[in-house]
Amino acid sequence: MIYYWGVFSRLAFFKPKPGEEKELPPVSVVICARNEYHNLVNNLPEIFAQDYPNFEVVIVNHASDDETSGYLKEIQIQHKNLKVVNIERDLNFFKGKKFPLSMGIKSASNEILLLTDADCQPAGKNWIASMVQQYYPETEIVLGYGPYEKKSGLLNLFIRFDTFMVALQYFSFALSGKPYMGVGRNLSYKRSMFFKNKGFTSHYKIPSGDDDLFINKVANRKNTRINIEPESYQFSRPKKTFSQWLDQKQRHLSTGKHYKFKFKFLLGLFSLSQILLFASFTVLLVFQIYPWVVLGMFAARFISVAVIHKYAISRLHEGQLFLFSLLAEVFYILFMFLVSVAGMFRKEIKWR
């Protein structure tokens, strides 16, 4: 109850400040691509169609062996604001996305960086403008939202619900003055801050974490803002099979053990409270220990979760998830527990 009313209510009842008229600084959009020909063909036109006066697109072609190189050469003729960084060979001593992303950031010409993935598509032509509007004099980081496209089927609902739960936590903690992560699908920060903090050097050996581990290290109460305006969204296509999504989820969770201690404690305590809630509820009912008191307390908690979820889901424009969120919570808690335990024994997988 403390987490829901003390932390998550920050997002549920958050009212963004109206955008102010300000000078729009030049922006560098940085995208890493490895064998992403089809995604680049589908999504790059939406990037170049942005209604923004001054931006460049930096594509890091990381040892692709498909048609990516030819396509980038072709469109470079059409778009003078496209900069291509080619990494011809995969370097075995650099695992994951951090090396190519660092090369892209180093090659960027502008102070404000806007990061996304090749398989992401902006919600509209004002994506860049919307993200930049959140920069104020003290701002160095803007955390965006990266929802998944709505498709039919239970797996799609579960993936989108998981995305909502992750966003509920990292947005709410940021609004509480404790930012701890962002998502690489939609993230912005200043180039000078990246180099001032020596980029990813403190966690280069960890394949994942180019987004959350870096933000965990450099974000604070003053330098971080969030953006949940619909125009700022970057949509991704969800995985089509459970095994593909499980692999992705385990890779994302593998970085959590490298967070600062205070965030591991706060996030771990929330997960533990959820598990103990349902465990104690079951035991108390089975042994008939003050059953009406137990049911009343559980009902109060259920109503609290329903209220917070309803408003937070509305803030993130994920309205179809509300009823599912109430029905799937207990299964989601069990699933996350099992995935986290399995992740302890999981071997590291390179970025693909």
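Predicted model: local features only at pLDDT ≥ 70, side-chain atom pairs only at ≥ 80, totals over all residues.
Reader: What makes strand 2 and strand 3 a pair?

Author: Two strands pair if DSSP finds at least two bridges between them. Strand 2 (residues 55-62) and strand 3 have six bridges, in the parallel sense, so they meet the cut-off of at least two. Within this pair, Val57 stands opposite Leu82 in strand 3.

Reader: How do you know that strand 7 pairs with strand 4, and in which sense?

Author: Strand 4 (residues 112-117) and strand 7 are joined over four bridges in the antiparallel sense. The cut-off is at least two bridges, so they count as a pair. Ile112 stands opposite Lys190 in strand 7.

Reader: How many bridges join strand 6 to strand 7?

Author: Three bridges join strand 6 (residues 141-143) to strand 7, and the two run antiparallel. At least two are needed, so strand 6 and strand 7 are also a pair. Leu143 stands opposite Leu187 in strand 7.

Reader: What is the strand order of the open sheet?

Author: The open sheet has seven strands in the order 3-2-1-4-7-6-8, and the pairing is mixed. The twist from one strand to the next averages 20 degrees.

Reader: Why do strand 3 and strand 8 stand at the edges?

Author: Strand 3 (82-87) and strand 8 (224-226) each have a single partner strand, so one side of each lacks a neighbour in the sheet.

Reader: Which strands does helix 2 lie across, and which does helix 3?

Author: Helix 2 (residues 37-48) lies across strand 1 (27-33), strand 2 and strand 3, running at about 160 degrees to strand 2. Helix 3 (residues 68-78) lies across strand 2 and strand 3, at about 155 degrees to strand 3.

Reader: Why is Ser64 called buried?

Author: Buried means under 20% relative accessible area. Ser64 has 16% relative accessibility, so it counts as buried. Ser64 lies in the loop between strand 2 and helix 3, and it touches Ala33, Arg34 and Asn35, leaving aside residues up to four places away in sequence.

Reader: What makes the approach of Ser64 to Asn61 a polar contact?

Author: The limit for a pair of N or O atoms is 3.5 Å. The side chains of Ser64 and Asn61 are joined at 2.6 Å, which is within that limit. The side chain of Ser64 also reaches the backbone nitrogen of Asn35 at 2.9 Å.

Reader: Which residues of strand 7 point one way, and which the other?

Author: Leu187 and Tyr189 point one way from strand 7 (residues 187-190), while Ser188 and Lys190 point the other way. All are buried.

How values were computed
Residues numbered from 1 in each chain as written. Heavy atoms only, no water. Axes fitted to C-alpha atoms, helices over the stretch in contact; angles between N-to-C directions. Contact = heavy atoms within 4.5 Å. Buried < 20%, exposed > 50% of the residue type's maximum accessible area, 1.4 Å probe, protein only. Polar contact = N/O pair within 3.5 Å; in protein donor to acceptor, adjacent residues only side chain to side chain.
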